[in-house]
Amino acid sequence: MKPDTKNKEESLLDAQHRLAEIMNDTPHIVDFNGTRFAVTRLKNGTQALICEEAAKITKQENMAFGDIMKQFAVNMPSIAKVITFALLNDKCRIFNDGSAANGYTKEFEATYNTLMWDVTNNNGIIEILMEILKMIDISFFLTSSEVVKTMRNAMTKAIPQLKS
Amino acid sequence: MADILKSLPFLTVEDYLWKYSSSFIRMMAYDQSRIKYLKDGDKKDKNVARAYTADDVLTQLGLGGSSMASATEKANTKQDGEEKTAGETFLQKLRGNVVIK
């Protein structure tokens, strides 16, 4: 088998592996500050909480993604809160009795305090963020469909231009 | 959210928010009804076209993956002031929208 074809088949197997992980919601183990966390893909509820946190720290309307990230970079409590949401990623683990009205759980408070006060290596936070972002990415599965869709859009838009 | 809940009536808001991951729901929302799965015998057939990357798909569509790649590279290297052909602009747009793994 040619090396090029071999690489392609390996990437295909990797895509199939990631697809199986998404369907089974397989957790990834992440080492952070001496503790091993089983990180699962973000739930929509968790994403909503993270967006809420981002909305709190944005000072102007119509801010770009880069500006929001800059605001996060200088706001450690918000970063710690977002990472805690992502690590726990479950309503019953974040809120007492699964209700926001009952406040945060002890597990949430403990994780948040660890992130805020006991972390010695900040690089670990970036690694967790990258891992979480990588886990929710499904573009590997949609590449072929996106190519066909883009082609179709481009072709149908080209016809009226030619007539005019 | 409303579109998903309308198209999947068995899914409750609670399920949508806290039961399934966002990537799982995005996979469910994607229309895969047109996909025809190959049987075991067909998988080994050498005449079956195989596409691993976006270039392979373009080649299968008769648009030539490698020639398009060189044309895109040519379009990308042109300076802002230089005039690009409609084809080059299209290829640039196409490449910009596609993530190739």
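Analyst: Two residues are in contact if their C-beta atoms, placed from the backbone, lie within 7 Å. Keep in mind that this is a predicted model, where local features need pLDDT of at least 70, side-chain atom pairs count only at pLDDT 80 or more, and totals for chains, interfaces and linings use all residues. Residues are numbered from 1 along each chain as its sequence is written, while chains are lettered from A and ligands numbered from 1 in the order in which they are written.

Let's get chain B out of the way. Taking helices as DSSP runs of H or I with at least four residues and strands as E runs with at least two, numbered from the N terminus, chain B has seven helices and zero strands. Of its contacts with a separation of 6 or more, 11% join residues 24 or more positions apart. A residue counts as buried if 20 or more other C-beta atoms lie within 10 Å of its own, exposed if 12 or fewer, and partly exposed in between, with C-beta atoms placed from the backbone. By that count, 9% of the 101 residues of chain B are buried.

Now to the core. A nonpolar core here is a set of buried Ala, Val, Leu, Ile, Met, Phe, Trp, Tyr and Cys residues joined through C-beta atoms within 7 Å. The largest one has 15 residues, and those with the most contacts inside it are A:Ile83, A:Phe85, A:Ala86, A:Leu87 and A:Ile132. Helices α4 (76–88) and α7 (123–135) of chain A each supply at least two residues of this core, and α4(A) gives the most, with six. In soluble globular proteins, nonpolar side chains tend to be buried together. Leaving aside residues up to four places away in sequence, A:Ala86 touches A:Leu42, A:Thr46 and A:Ile132.

Follow A:Ile132 into α7(A): A:Ile132 is one of the buried residues there, along with A:Ile128 and A:Met135. These three sit on the same side of α7(A), because they cover an arc of only 65° around the axis, the arc being that of the directions from the helix axis to the C-beta atoms. The face turned away from that buried side carries the exposed A:Asn123, A:Ile126, A:Met130, A:Leu133 and A:Lys134. Covering the buried residues of α7(A) are elements of chain A including β1, β2 and α4.

Those two strands are worth a stop. Strands pair if DSSP finds at least two bridges between them; β1 (residues 28–32) and β2 (residues 35–39) of chain A do it in the antiparallel sense over five bridges. A:Ile29 stands opposite A:Ala38, and A:Asp31 has A:Arg36 as its bridge partner. The hairpin has two residues between the strands, and A:Asn33 takes a positive phi near 55°.

A:Thr46, touched by A:Ala86, takes us to α2(A), where A:Asn44, A:Gly45, A:Thr46 and A:Leu49 are buried. Their cover includes α4 and α5 (91–94) of chain A together with α2 (13–19) and α3 (22–29) of chain B.
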